[in-house]
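This briefing concerns the salt bridges, the chain interface and the overall fold of the model shown below. It is meant to be read alongside the coordinates.

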Amino acid sequence: MMLPYLITIPLFGAFALPIVSLAGRKARELWAILVSALTLGVATEVFRTVWKSGEVMVYTLGAESPLGQGVDFPIRIVWEVDLLGAIVALMIAFIAFVAILYSTEYMRHDTGLEKYYALILLLEVGMLGIAITGDLFNFYVFLEIMSIASYALVAFRNDTWEGIEAGIKYMFAGSLASAFILLGIALLYGQYGTLTMAYLAKQIAANPTFTAKVALGLIAGGLLFKSGAVPVHMWLADAHPAAPSSISAMLSGLVIKIGGTYALARLAFSVYGMGINLRTLGWIIIFFACLTLIVGNAMAIVQTDMKRLFAFSSVGQIGYILLGIGIGLAAYGSDVGEVALAGAIYHTVNHALMKALLFLVAGAVIHQLGTKNLNELSGIARKMPVTSFAFLVGAAAIIGLPPLNGFASKWLIYESSALFNPFLAAIAVIGTAFCTAAYIRVLFTFFGRPSEKVMNAKEPGKAMLVPMMILVLAIILMGLFPWAISEKVMIPAAKMLENVGTYVSAVLGGA
Amino acid sequence: MNVLYATLGFIAVYAYVSFASLLWGGIDRKLVARMQRRMGPPLLQPFYDFLKLVGKESIIPRNANKFFELAPVLALATSIALLAYTPLGFEPLFGTKGDVILFIYLLTLIGFLRVLGAVSSGSPYAQIGAQREMIILVSREAPMMLGLFTVLWRLNEFGVTKPFSMGTFYEHNIWELGTPLSFIGTLILLFVFLVWLASEIEVGYFDIPEAETELAEGTMAEYSGRHLALFELANAIKAFVSASLVVAIFLPWGISPYLGLSGTEGMIVDLLFHTLKVFAVLFVSMSVFRAVTGRLRITQAVNLFWTRLLPASIVGALLLAIDAMGVIA
């Protein structure tokens, strides 16, 4: 059972880091890389186990069985990993590893790096915890670990005005959202007297009350904030440009999905899946998804700041994921719903890869040129061909061009939304058109006539190029076998998520 | 084994289409010259041009980046890949259901690679040409896609084996519907496609991105030597492929059944017949159009696409759709 190590290794790594960094900069960097690499190994193993067996992996903290002695309900914290959780955990560990590798060179000019690496490992712990937990309060704790680490990391460069400004904005609004989530959890506990997701699902199914719906509203509202859905996306557009680029890559690639869409899907399917009218919930999510798609992508076109553009594009892509989840809920139990859900899961992974790549590219540009204003960046391709190539791949993947991975996931979402309701497919296509326009604009800037400023630029070092190339490779490889991945991994993951019964009985053992 | 044969066939098709498309270039120049009472170059002039360009030194501008040299290669590669999905009198070699989207994508990608190559040159002339090409690219595909998808959707009611693939045109064609409404709709779409074809190969009204007299060759301003040769070949193939699409939709009949031929001989005869039809379509859309019309301004061209051609395409598609509903018998 490798599951506990998924948390203990990075947690130990983070706590040991202040001591390790007494031995100097090299030791600190090596330690961070080693810890994240080990975590990646464990995540791979967990994913392999769950994928091979096709069963939900359950781990109880402190005892053999989650059930209390002599009672038939769970009293302990359980960790519960289905295929979706395993995919997400693998994705987190991979992107975190790449981002840490990248940081070693990217963050070299900053001070206070022992705190930086400790925080980035804590961020990883928080996200992994959300991915694997089966307990609602435990989920909240991990959500806060993740959120607080990301507040601190957004404001990490506290000698810049924008870091502090974005950090405060993110923290104030984010704390409010977390409070909503906590309030929702408190309501649920008051009503049903349990915090275990599986047992709660059973209780809600047996006795769906108004309180449960209020709690769902509160929690879903908080989670939509964390995912950057449209009425509450404003923090994201500030936080991503202000954070160091390795952190932007993790924020945009992971945090908004783990703390947002993944948690929303987990809550909607695994906790409320049997208790409420999923069709209504689905349409509510679809409504926000459409708003997010249009506003996010449209706002991306008008940006002149490269990282802000990527941040708005992240908002737009979250719209696709939410659309997939929404259709998966609204068309629950049908083939269309399953395909939409698989598309959403697939797009989550794909977008994590490509947005991480794009932010790493942005980081390389900022690191080498000191500006992220697109008007000053004309003709980078002349002096930084590898970085520009990485950007080309990332942009083509995010638009969804066939030989790359973005195509298959977007296709699944288009196809299912067209079958579900052609109007939604039209909105999705409009969103993609905006997205294409935004990225082609950047592409023209990159490939155009070199400006004065650019002429002195050169490629960043290996520690920054290698992570980018790893991601490029992953994008291309995943793009070559899209239908195999979709058939073998994403569809089973969607099926497992839809099948609430197994999720519940994995903990309660048929009780 | 099957894959091997398909690959060999693919190479043969590529060789043939390169030859035929360059040959058409010569015929076209001869025809246009005759229309203006000139002698014109010899029929094989494009081959001499191509060989000469290949032999010349290729000059890379100082401000150009890596993609400047890569773009022509990728453009030619894309146009070759496109041949695998092009109907050439018989079903495309690697055709499968839904390959229409791939076809449109690759066709658009060639234009996009031209744009990217031009932008990469760092020359302001090429930049302006690239912007124009991009605008035209965005404008011209909408009417074509609408028409193409409508026709393919109507063909589905015949019960085709691979829906939305290029091969369906050889199982059934749109004229078989036979109703007056569908006939009118199809004629409107034929007009739309002929104009689209002219804009795809950028002649007559739509010679805007290259605009020799105005922009000094626009997108191709900085290309020389073998890089230009690659682009020229890619463009010739693209013209052939675009015309093949029009031929496949509107004139898909083969002659091999009448001659009692099948198998490889049948394919070759159909390919030759298809080439004739392509030349005929190109004669209308390219040679005549080029000889009798001048260039439009970019704003006029965009207007033409969105206020004339797209509505025409919508009307044609609606007529076909109303026909499918059977409201008017």
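In this predicted model, Arg290(B) and Asp28(B) form a salt bridge in which the closest N and O atoms are 2.8 Å apart. The pair links distant parts of the chain, since Arg290(B) belongs to helix H10 (residues 263-292) of chain B and Asp28(B) to helix H1 (residues 2-35) of chain B, 262 residues apart. Arg290(B) is partly exposed, with a relative accessible area of 31%, whereas Asp28(B), at 3% relative accessibility, counts as buried.

**Other salt bridges**

- Over all chains the structure holds 24 salt bridges, and in chain B a network of them links Arg140(B), Glu141(B), Glu200(B) and Lys238(B).
- In chain A, the side chains of Arg308(A) and Asp238(A) meet in a salt bridge with an N to O distance of 2.9 Å; Arg308(A) lies in helix H12 (residues 306-330) and Asp238(A) in helix H9 (residues 234-242), so the pair ties together parts that are 70 residues apart in sequence.
- Arg308(A) is partly exposed at 26% relative accessible area, while Asp238(A) counts as buried at 14%.
- Glu376(A) forms a salt bridge with Lys453(A), with the closest N and O atoms 3.4 Å apart; Glu376(A) lies in the loop between helix H13 (335-369) and helix H14 (380-383) and Lys453(A) in the loop between helix H17 (422-447) and helix H18 (462-480), so parts 77 residues apart in sequence are tied together.
- Glu376(A) is partly exposed, with a relative accessible area of 32%, and Lys453(A) also counts as partly exposed, at 40%.

**Interface between chain B and chain A**

- In the contact between the chains, 18 residues of chain B touch 15 residues of chain A, and the buried area is about 1,400 Å², of which carbon and sulfur atoms give 72%.
- On the side of chain B, Asn63(B), Asn65(B) and Tyr105(B) lose the most area to chain A, together 34% of what that side buries.
- Between the two chains there are zero salt bridges and two residue pairs in polar contact, both at pLDDT 80 or more.
- Helices H3 (66-83), H4 (99-120) and H5 (124-155) of chain B each give two or more residues to this side, and H4(B) gives the most, with seven residues.
- By class, this side of chain B has ten nonpolar, six polar and two charged residues.

**Fold of chain B**

- Chain B has eleven helices and zero strands, and 54% of its 329 residues count as buried.
- The radius of gyration of chain B is 20 Å, which agrees with the value near 20 Å for a compact globule of 329 residues.

Definitions and conventions:
Residues numbered from 1 in each chain as written. Chains lettered and ligands numbered in written order. Heavy atoms only, no water. Contact = heavy atoms within 4.5 Å. Buried area = accessible area lost by both parts, 1.4 Å probe. Salt bridge = Lys/Arg side-chain N within 4 Å of Asp/Glu carboxyl O. Polar contact = N/O pair within 3.5 Å; in protein donor to acceptor, adjacent residues only side chain to side chain. Helix = DSSP H or I, 4+ residues; strand = E, 2+ residues; numbered from the N terminus. Nonpolar A, V, L, I, M, F, W, Y, C, P; charged D, E, K, R; others polar. Rg over C-alpha atoms; globule rule 2.2 N^0.38 Å. Buried < 20%, exposed > 50% of the residue type's maximum accessible area, 1.4 Å probe, protein only.
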